[in-house]
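The questions below concern a ligand and the space around it. Please keep the sequence and the structure in view while reading the answers.

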Amino acid sequence: MSMLNIVLFGPPGAGKGTQSEKIIDKYRLVHLSTGDLFRNHLSKGTELGKLAQKFMDEGKLVPDEVVVGMVENKIEEHLDARGFIFDGFPRTINQATELDKMLLSHNLNISGMISLEVPEDELRVRIKERGKTSGRTDDQDDGKITTRIRVYQDETSPVAGYYKQQGKFNAINGVGSIDQIFDEICRVMDQFPS
Ligand code: AMP
C-alpha cells in the first residue's frame, strides 16, 4: 500500500478541479477526473462519449458500470504512479465500493478523503461564473445547475458517510482564497498514511 490515493470530494463548483491542479503539482499524483475524461471522450466523439452525453447534458449521473470501467482502465495505465487524486469520483456508494475492490485487487487503498464544503448559494455563483469561460452548457443553465446540486445531495453526499465509517473523512472549508484552502488541504494530506 505505497501509493498516496486521495478522494477529493464536494458538490459541483466546490473547487475540486482548481485544487486538484495544485495538489498534482505539489504531490506529483495522477489526476483522475471522471468529468474531464468524459468531456475528452465527448470531444473525440467516441462511443463512450456518445453514451455519456445525454446524462451529462441533463446534469444526471452516467451509469455506474460505464464510469467504473473507465476508471479501471485509467488506474491500470498508471500502476507505476506515486498515487491518484480522484476528482468527481466516486459519486455513488456503489462507485465507492467498486473503487475499493479495484484498488484492493492491486493491493492498494484510499489514503483519505478531503471534502470541500461550500454553501449552495456560493456554488451557484461559482458555476455560472465558470460557465462564462468553460463553454460547458451544464454550467450555463439554471435548471441544469439545480439538477446537479440535487443529484449531489441525493446520490453523492452519502458517499461521505462511507468514508467516515472507514475513518478517512476530512472536511475543509471551501470558502476563502485558493491558496488558503490549498494550505488547509496540504495540512490534512500530510497526515495521511502513504
Ligand atoms: P464534473 O466535471 O465532475 O462536474 O462532471 C460533469 C458530468 O459528468 C456530471 O454532471 C455527470 O453527468 C458526469 N460524471 C462525472 N463524473 C461522474 C461520476 N463519477 N459518475 C457519474 N457521472 C459522472
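Q: How many residues surround the ligand, and which are the closest?
A: In this predicted model, local features need pLDDT of at least 70, side-chain atom pairs count only at pLDDT 80 or more, and totals for chains, interfaces and linings use all residues. Residues are numbered from 1 along each chain as its sequence is written, and side-chain values use heavy atoms, with hydrogens and water left out. Counting residues with a heavy atom within 4 Å of the ligand, 16 surround it, and the closest are Thr34, Arg39, Lys60, Gly88 and Gln95.

Q: Which helix gives the most residues to the shell around the ligand?
A: Both H2 and helix H3 (47-58) supply at least two residues of this shell, helices being DSSP runs of H or I with at least four residues, numbered from the N terminus. With four residues, the one that gives the most is H2.

Q: What distance separates an oxygen atom of the ligand from a polar side-chain atom of Arg136?
A: Polar contacts are pairs of N or O atoms within 3.5 Å. A polar backbone atom of Lys60 lies 2.6 Å from a ligand oxygen, and a backbone N or O atom of Val62 lies 3.1 Å from a ligand nitrogen. For the side chain of Arg136 and an oxygen atom of the ligand, the distance is 3.2 Å.

Q: How much of the ligand does the protein bury?
A: Accessible areas come from the Shrake-Rupley method with a 1.4 Å probe. Taken alone, the ligand exposes 480 Å², and the part of that buried by the protein is 95%.

Technical notes. A polar contact is a pair of N or O atoms within 3.5 Å; within protein, one must be able to donate a hydrogen and the other to accept it, and residues adjacent in sequence count only if both atoms are side-chain atoms.
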